[in-house]
Amino acid sequence: FQVLLIFAKEDSQSDGFWWACDRAGYRCNIARTPESALECFLDKHHEIIVIDHRQTRNFDAEAVCRSIRATNPSEHTVILAVVSQASGDHEEASVLPLLHAGFNRRFMENSSIIACYNELIQIEHGEVRSQFKLRACNSVFTALDHCHEAIEITSDDHVIQYVNPAFERMMGYHKGELLGKELAELPKSDKNRADLLDTINTCIKKGKEWQGVYYARRKSGDSIQQHVKITPVIGQGGKIRHFVSLKKLCCTTDNNKQIHKIHRDSGDNSQTESHSFRYKNRRKESIDVKSISSRGSDAPSLQNRRYPSMARIHSMTIEAPITKVINIINAAQENSPVTVAEALDRVLEILRTTELYSPQLGTKDEDPHTSDLVGGLMTDGLRRLSGNEYVFTKNVHQSHSHLAMPITINDVPPCIAQLLDNEESWEFNIFELEAVTHKRPLVYLGLKVFSRFGVCEFLHCSETTLRAWLQVIEANYHSSNAYHNSTHAADVLHATAFFLGKERVKGSLDQLDEVAALIAATVHDVDHPGRTNSFLCNAGSELAVLYNDTAVLESHHTALAFQLTVKDSKCNIFKNIDRNHYRTLRQAIIDMVLATEMTKHFEHVNKFVNSINKPLAAETEGSDCECNPTGKNFPENQILIKRMMIKCADVANPCRPLDLCIEWAGRISEEYFAQTDEEKRQGLPVVMPVFDRNTCSIPKSQISFIDYFITDMFDAWDAFAHLPALMQHLADNYKHWKTLDDLKCKSLRLPSDS
C-alpha cells in the first residue's frame with residue numbers, strides 16, 4: 001500500500017502525513033516538484049496521493065493533479081488536496097473546483113499525526129478498497145471476454161449491460177447493437193411455449209436461479225436451442241441489481257447447422273475440428289471426465305494426452321481435511337480486509353509446507369557457550385523448533401515494532417544515521433546500533449553497507465527490494481539467542497565490509513565476489529537455533545537427519561536464505577540478474593557460508609597459508625617465484641581469500657576493542673551455558689563440559705579459544721590484508737583474559753571493574 005506526498009517544502013503538515021503513513025504501515029514517497037511527482041507516480045502507481053494545495057507560489061496543485069489524472073494508472077488512485085484553514089471572516093470555499101481538477105477529497109490543514117492517520121485510514125477503508133474492487137473488475141471482464149460460454153448481463157429491469165464475444169458469435173449481433181436495449185426489444189423465437197417467459201421472470205424476481213432449455217432468435221432470424229442458466233445478483237440494500245445469463249447451445253441437428261453458419265459469419269477459419277463436436281462438448285471439456293477420456297486416444301499430441309489426467313484430478317470427490325481447510329481460508333480471504341488477507345496468505349504458506357505434519361521438538365530459546373572448544377566445535381552434532389514456528393513468530397513480533405522502517409538509506413532516523421556515519425571504522429560499536437534500532441541493526445547497517453558497495457546497481461534491483469530482503473532475513477534471526485542473533489550477523493557484515501576495503505583484498509576480488517561476500521555475511525547464521533551442530537546431531541534433530549550430520553547448520557542457513565529470497569518477488573534481490581550470474585553468485589555465497597563450519601577450520605587456514613601467504617612472502621622477499629597469489633587469473637585463490645575473510649569476520653570478537661570483546665564473550669558463554677543445561681535436562685551427551693554455568697571460567701575459555709583457533713588464523717590473515725589495529729586489540733584482549741585467569745577470576749571482569 002503506497003502513498004505519494006507532493007509538498008514543495010518540508011513542514012509540519014508533510015511530516016504529519018509521513019509519520020501517519022509510518023504508523024499505518026504504508027510505504028511513503030515524497031516529491032518536491034511536479035516533474036518528480038509524475039515520474040515517481042508512473043514508477044510506483046500509488047494508491048493515495050496527497051498534494052499541498054495551500055499555496056500557489058511553488059507549483060499549481062490543480063495542474064499537478066490534472067497531469068496525474070491524464071495518465072492511465074491514475075484511474076484507481078485517490079488524490080487528496082491539503083487546503084488552508086478558512087479564516088473566520090471568509091466563507092468556506094466550494095469543493096467543486098477541486099473535484100473538476102481531479103481531486104477526490106479535501107483535507108483541511110492539520111499537522112496532527114492522528115488527524116492525518118485518521119484521514120488515510122478512512123480513505124483506505126472507503127475509496128481505496130472500492131478502487132481495488134474496480135481494479136479487479138478488469139480481470140473479471142478479461143476472463144469473461146475469453147470465456148467459451150455465451151454470457152449476458154442485464155440490469156434488474158432487463159436492460160442489456162454486457163455481452164461477451166462468445167455471445168456475439170452465438171447470436172450474430174455486435175455488442176454495440178445490444179448494449180442499452182431492453183430484452184423485450186429483441187426478436188423472440190416462436191418455438192417457446194407461451195408461458196415460459198412468465199415462468200422465468202417469476203422465478204428470478206424471487207431471487208432464485210432458473211435454468212432450462214430456451215429457444216433464442218439470432219440476428220439472421222434463425223432459432224437456436226440453448227441451455228440457459230439465469231442467476232439473480234443481490235446488490236445494495238439486499239435488492240436484485242443484475243441478472244447474469246450463461247448460455248450454451250443444445251446438441252440438435254438444427255443447431256449443428258446453425259453452428260456451422262455461426263462459424264462462417266465470424267470469419268474464423270483457423271480451427272478445423274468439427275464445430276458441432278466442439279460446441280457439443282464445450283462444457284464437458286472442463287468437467288466431464290468420461291467424455292475427455294474417451295477422446296484421449298483420438299488426439300496423438302502430448303498436450304491432449306495430459307488432459308484426461310488433469311480432468312480426473314480436478315473432478316476428484318475425495319478431499320483431504322487439509323484441502324478443505326485451505327479452501328475455507330481461500331473463501332474467507334475474498335471478503336477480508338487487506339491486513340487479514342495478508343495474514344491468511346502466510347497461514348496458507350505454512351499449511352502448504354512439507355513440514356506441516358512433522359513433530360515439533362521443543363527447545364528453549366536461550367542458548368550455548370564455549371569450553372571443550374575443540375571437541376564441541378570441531379564435531380558435528382541440532383535441535384530446533386519448527387522453522388514455520390520461528391519465521392511466523394518473528395514476523396508477528398516484527399509488525400509490532402515501534403521503530404519506523406526506512407524507505408531508503410536517506411530516510412534513516414537521525415539518531416541511527418549519526419551512528420552509521422562511523423560504520424567504516426573498526427571501532428564501530430554494533431551494540432549501540434542494536435540498542436537504538438530495538439534489536440534490528442541488520443536492516444540499517446545492511447542498507448548503508450550495500451549502498452556503499454553498489455550492490456543494488458550490480459544486482460539491478462531497487463532499494464525497496466533490498467530493504468524488503470534485509471527485513472525478511474533479519475526476521476528469521478532469533479532475537480532470543482544470546483549470541484547467534486541479527487546483531488552477530490550485522491557484526492560479521494561490518495567486519496566483512498571492513499576487510500573488503502583493504503587494499504590487497506580489494507585488488508584480489510571482482511565486484512561479484514564483493515557482493516557475494518556481503519550477502520553471505522548477512523545470511524550466514526539465519527535461523528540459527530542457538531545450539532551447536534554437535535547438539536543437533538546428538539539430539540537426532542530433523543535438520544541433522546536431513547543433512548546427514550554434516551555441516552548441518554551451515555547447510556540450513558544457505559538453503560533457507562535462498563528459499564526466503566526467491567519465494568517472494570518483493571524481496572528477491574536476484575530476480576533481475578541473468579542465470580549465469582545468478583549461478584556464479586549463488587555458488588560463491590554457498591561456499592563462503594559453508595566455510596564458517598568449524599570442522600574444516602584447520603584445512604581452510606592451512607590452504608590459505610600454503611597457497612596465499614607463502615607465495616606472497618616469497619614474492620615480497622624477491623625470490624624467483626613469479627606466481628601472483630592475488631591475481632584475478634587464479635579463481636582458486638579468490639575462493640581461498642573469500643573463505644578466509646568470512647571465517648575471520650565470523651570470529652573477529654577477540655580482535656574488537658576490549659569492551660566489545662567482553663560483551664561478545666559474555667553472550668557466547670551464556671549461549672553455551674544454556675546448551676549444557678539443555679543437554680543435562682534431556683540426558684544428552686554434554687559436548688562442552690567446561691561450559692557449566694556453575695563452574696566455568698570464562699577467561700580460560702577465551703584463552704583456549706584464542707590459542708586454538710584465533711591466533712594462527714589472524715596471523716595468516718594479517719600477513720595478507722595488513723591489519724595492525726586488529727592484532728593490537730587481540731594482544732590487549734588476550735592480556736585481559738590472562739590477567740583475570742592469573743587472579744583466579746572466572747567472570748568477564750574483576751569484581752571491582754564491574
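Predicted model: local features only at pLDDT ≥ 70, side-chain atom pairs only at ≥ 80, totals over all residues.
Residue numbers run from 1 along each chain as its sequence is written. Local features need pLDDT of at least 70, side-chain atom pairs count only at pLDDT 80 or more, totals for chains, interfaces and linings use all residues, and side-chain values use heavy atoms, without hydrogens and water.

**Exercise 1.** Work out whether aspartate 525 is buried or exposed, and what is in contact with it.

- Start with the burial cut-offs: buried is under 20% relative accessible area, exposed over 50%, partly exposed in between (1.4 Å probe, protein chains only).
- Aspartate 525 has 7% relative accessibility, so it's buried.
- Now take contacts (heavy atoms within 4.5 Å). Skipping neighbours within four places in sequence, aspartate 525 touches Tyr477, His484, His488, His557 and Asp650.

**Exercise 2.** Classify the aromatic pair of phenylalanine 499 and tryptophan 717.

- Rings of Phe, Tyr and Trp (its six-membered ring) pair if their centres lie within 6.5 Å; planes under 30 degrees apart are stacked, over 60 edge-to-face, the rest tilted.
- Here the numbers are 5.5 Å centre to centre and 75° between the planes, which makes it edge-to-face.
- Phenylalanine 499 is buried at 0%, and tryptophan 717 is buried at 0%.

**Exercise 3.** Find what sits over the ring of phenylalanine 562.

- The test: NZ of Lys or CZ of Arg within 6 Å of the ring centre and within 35 degrees of the ring normal.
- The charged end of arginine 586 passes, 4.6 Å from the centre of the phenylalanine 562 ring.
- As for burial, phenylalanine 562 is buried, with a relative accessible area of 7%.
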